[in-house]
Amino acid sequence: SVLTDLIYGGSNAVAGLTEGAVNDAIAKHGADTKVAFPDTAYFLPTIYAATGVKVKTLGDLPACVGVLKSLISNKEDLGEALNAGLATAVGAEILEALKYVESENPYENEAGIGFVPDPIIRSLGVPLVTGDIPGVAVVLGKADQTEDVVKVVKDYQSKGIMTFLVGGVIDQCIEGGVKMGLELRVIPLGHEVTAVTHVVTVAIRAALIFGALEPGNLPALLAYTKDRVPAFVNTFGEIDSVVVSAGAGAIALGFPVVVDVDLGENQVPGALESVTDHTMTVKKSLELRNIKIKVTELPIPVAFAAAFEGEIIRRSDMHTEFSSHANPTCELVCTTPADEVEDHKITVVGQDIDAGGELALATIVKVAGEKMQADFESVIERKIHAWFNYMEGVMHTGQRNLIRIRVSNAAYEAGLRLNHFGEVLYNMIMDEFDSVVDKCEVTFYTEADKVQEILDTKAMPTYNARDDRLASLTDESVDEFYTCILCQSFAPSHCCVVTPERLGLCGAVSWLDAKATKELTPTGPCQPIKKIGCTDERTGAYTEVNKVVEQATQGAVNQVTLYSLIEDPMTSCGCFECICGVEPASNGVVVVNREYKGMTPTGMTFGELASMTGGGVQTPGFMGHGRHFIASKKFISAEGGIQRIVWMPKELKDDVADRLNKTAKELYGIDNFTDMICDETIACDTEEVLNFLTEKGHPALTMDPIM
Ligand code: SF4
Ligand code: NI
Ligand code: NI
């Protein structure tokens, strides 16, 4: 058929191109020259996942070209032709990898970012499982009319869809004023069609990172991407055979392709469809992938979308600022008797933002509800940050009495005022917390004296009382722990056990959050675990935990401890904030955060350490966890606790220092414990790290062998 001819034409062209490029590269640089994408533990991910081959040097590539060619049967059969599409994906991956042989940063002078590092994929785990990012779009080609693609991309952006751009559409979106960047969920990859590999490997690495895919198991890989990665492709403009064969590769991975040219009878329903009316492109694409968008229609004059969360408002674009540095500020959600709350009443006491400049602000949200508990106040309050940020032209940082809110000139001119902030809070609270909140009233105060008074008499005492409550919340003081299985959509056999002293490894789910989730969605991802059947206090082993985890993971995990890194450690999904790994030379552990790009004394980067565990698999000696867990008295307490920590990246160490030092003082009487912990500004080399630890008299050196 015309279609299979096109696919094979493209695949064969790419195969020829790849073979030539590999031979040229070997002739030029030598077969021993290293080939690798930056900041990944998965080699050339498509080849690694599909075949198990770990490409490390140019000399490894000719064999891969052989495999690639074997995928192209040239048989008149659509299934066979889709395999040829996979060959194109492999070819594109090799061609892109060769760019990284020629230059360390081949995308330096491009409007695209090229290869997407592992830590970014891990950071996308939570927003994808919560549906905050409802899908992933690949927009490729060059539209006949710039405005067509601009409208489509802005529509995806407003829906929170993560959109990757490949080809001339990048320049068209820049021209059309689309705000771009990872945070804004529109990501330009590169101009050449081979750059599409950089989104393909994102999907493929998701399978390796979260899905515990066994490299070389191609059918399992294809099943994972089809069932669990909600991606689809839109092409704009004329399509050539290479684009069609790349599209075939996408279809093989389970990603439907919508083209804007008329393919007539060559369409494949559900997989390859023509939509020539651009106003229907988004709707059709979402339908094909069965992505449902929850629309929150808000009565405000600016856009409201998760994609605007990362928006930065510079001082020069700023109309009004509420900043704790300049004026008193606070945000407070308080449980109030029902008869003292007037539902949906929004009041501004003091001047609104018309005059601009610096203002004080107290945001007081009164909530009433039969099922409302004081413990949920902080859960709701923390969401104010995201909701205010979702407004286009509004930037919010911080929480409680330490905040900064900026309103842009454009948002002000569009008519945005404080009562709209109130509408956002009211509507979002009633939407997300409707099972505990029956009535909600919002009041803003902007006079400095009044805000100061509220701060002194109401807000600070409430924050302090909550902190006392949190400090008194220990694993010993409660009767129940909670499961969290939110990440199972990506990591099917993973289950977090959340306790007061051990939050979920993503850092986003505390025991209070889990408790609130259970109340809000009784059959949802967080279920209580009765704290009974303790068989080992030291490791935190409970028969009841084992039983519930076994059920929650459909039998995949049946023994898990709460406090050990070595004995049945908790599993990891892949989206953990930090990884803890044994450092044998010093008899201790390193703790590394996702943002850290450098080397560690274990000889592994964060990405490489992270790849040791994940996908719900237990790997003694390696464990993902939240940042906040580091200063917990329960942190690997079975192995001796935090005094095992010998090395952390400086940024992480500084961030947790106050709390970590406090715990060390309480547990072991050590002052300024973090001064004993090495970091990359001191040493990364095992020997030098050991010298530093010896000089400081680090406790790990004289403890029992960790393994
Ligand atoms: Fe995923 Fe665990 Fe966080 Fe739940 S607590 S969202 S399962 S990482
Ligand atoms: Ni914003
Ligand atoms: Ni996760």
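Around ligand 1 there are 13 residues, and the closest of them are Cys 484, Cys 487, Cys 496, Gly 504 and Cys 506. Please keep in mind that this is a predicted model.

**Ligand 1**
- By class, the shell around ligand 1 holds 12 nonpolar residues and 1 polar residue, with no charged ones.

**Helix α7**
- Helix α7 covers residues 146-158, which makes 13 residues.
- From first C-alpha to last, α7 reaches 18 Å, close to the 18 Å expected at 1.5 Å a residue.
- Its buried residues are Asp 148, Val 149, Val 152, Val 153, Lys 154, Tyr 156 and Gln 157.
- The strands that the buried residues of α7 pack against are β1 (136-141), β2 (162-166), β3 (186-190) and β4 (231-236).
- Those buried residues also pack against two helices, α8 (169-175) and α12 (281-288).
- After α7 comes Gly 160, with a positive phi near 85°.

**Helices α9 and α10**
- Helix α9 (residues 197-209) packs with helix α10 (residues 218-228) at an angle of about 110°, and their axes are 10 Å apart.
- Angles of 65 to 115 degrees count as roughly perpendicular, and α9 and α10 are therefore roughly perpendicular to each other.
- On the α9 side, Ala 203, Ile 204 and Ala 207 meet Leu 221, Tyr 224 and Thr 225 of α10.
- This contact of α9 with α10 has 5 nonpolar residues and 1 polar residue, and no charged ones.

Technical notes
Residues are numbered from 1 along each chain as its sequence is written. Chains are lettered from A and ligands numbered from 1 in the order in which they are written. This is a predicted model: local features need pLDDT of at least 70, side-chain atom pairs count only at pLDDT 80 or more; totals for chains, interfaces and linings use all residues. A residue is near a molecule or strand if its C-beta atom, placed from the backbone, lies within 6 Å of it. Ala, Val, Leu, Ile, Met, Phe, Trp, Tyr, Cys and Pro count as nonpolar, Asp, Glu, Lys and Arg as charged, and the others, Gly among them, as polar. Helices (H or I, at least four residues) and strands (E, at least two) are DSSP runs, numbered from the N terminus. The expected span of a helix is 1.5 Å times one less than its number of residues. A residue is buried if 20 or more other C-beta atoms lie within 10 Å of its own, exposed if 12 or fewer, and partly exposed in between; C-beta atoms are placed from the backbone. Two residues are in contact if their C-beta atoms, placed from the backbone, lie within 7 Å. Axes are lines fitted to C-alpha atoms, for helices over the stretch in contact, and angles run from 0 to 180 degrees between N-to-C directions. Angles under 35 degrees count as roughly parallel, over 145 as roughly antiparallel, 65 to 115 as roughly perpendicular and the rest as oblique.
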